[in-house]
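Dear colleague,

My notes on it follow.

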Amino acid sequence: MGPQIVLYEQLRPLFSKIFGVLYTGSGDDTIRELSKDLGSPTKLISVGDVTTFHLLNSDIIPDVLIVDDRTKRGPASDRVVVGTKHKGFTEIFVDNPAGVITEDLIDAVENAIKSDEHVRIFVRGEEDLAALPAILTAPSGSVVLYGQPDKGVVLVRITQSKKEEIRGLLNKIIEAQDNKEEIRTIWRKLDGHQDH
């Protein structure tokens, strides 16, 4: 699995903040609401099983989707699991434990975003932090959608200032790591996406 960035408990509050615009509610209604503001993003990246399920259900096909067959730390329903398996996607698998960002996850997200195909990233473990590498590696003009448990769906427009904000947060996490040397390569990968 290689080096990984761990989100320690004391830093979790930094990530309870919403990084974009929250569309409250649940299901297809929320997607219908946000679709009015979606425009035509450079890339559309969807993170999370329930969000992805409702997007596909509403015939909005993301370029990249990231799922783990789980929702709110428990198994996702069969309907959601089946609903995120869309036949138009190339599937890749990556191991990523809960509460961490592995180098493998970063590579998978970056390669999927660069690909001309639709890519489904299936995370063995948890995709709870996958929105971060998605925001940092997506080109400007893209949109990242992720679920905010019990609240709705967050729409993040990718701009240079949004990347700076996320980079600042990740810097705080990196500073708290015990293995700073080991994760320098991961940080360089994420930090290298300044002007996409």
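**Helix packing and cores**

The axes of helix H4 and helix H7 (residues 184-191) come within 10 Å and cross at roughly 25°; axes are lines fitted to C-alpha atoms, for helices over the stretch in contact, with angles from 0 to 180 degrees between N-to-C directions. H4 and H7 are therefore roughly parallel to each other (angles under 35 degrees). Glu103, Ile106 and Asp107 in H4 meet Thr185, Ile186, Lys189 and Leu190 in H7, contact meaning heavy atoms within 4.5 Å. Helices are DSSP runs (H or I) of at least four residues and strands (E) of at least two, numbered from the N terminus.

This is a predicted model: local features need pLDDT of at least 70 and side-chain atom pairs pLDDT 80 or more, while totals for chains, interfaces and linings use all residues. Residues are numbered from 1 along each chain as its sequence is written, and side-chain values use heavy atoms, leaving out hydrogens and water.

The largest nonpolar core has 42 residues, of which Ile45, Ile66, Ile121, Val144 and Leu170 touch the most other members. Such a core is a set of buried Ala, Val, Leu, Ile, Met, Phe, Trp, Tyr and Cys residues joined through side-chain atoms within 4.5 Å; buried means under 20% relative accessible area, exposed over 50%, partly exposed in between (1.4 Å probe, protein chains only). H4 (residues 103-114) gives the most to this core, with six residues. Leu170 touches Ile101, Leu132, Leu136, Trp187 and Leu190, not counting residues up to four places away in sequence.

Ser58 lies in the loop between helix H2 (49-57) and strand S4 (64-67).

With kind regards

Definitions and conventions: Angles under 35 degrees count as roughly parallel, over 145 as roughly antiparallel, 65 to 115 as roughly perpendicular and the rest as oblique.
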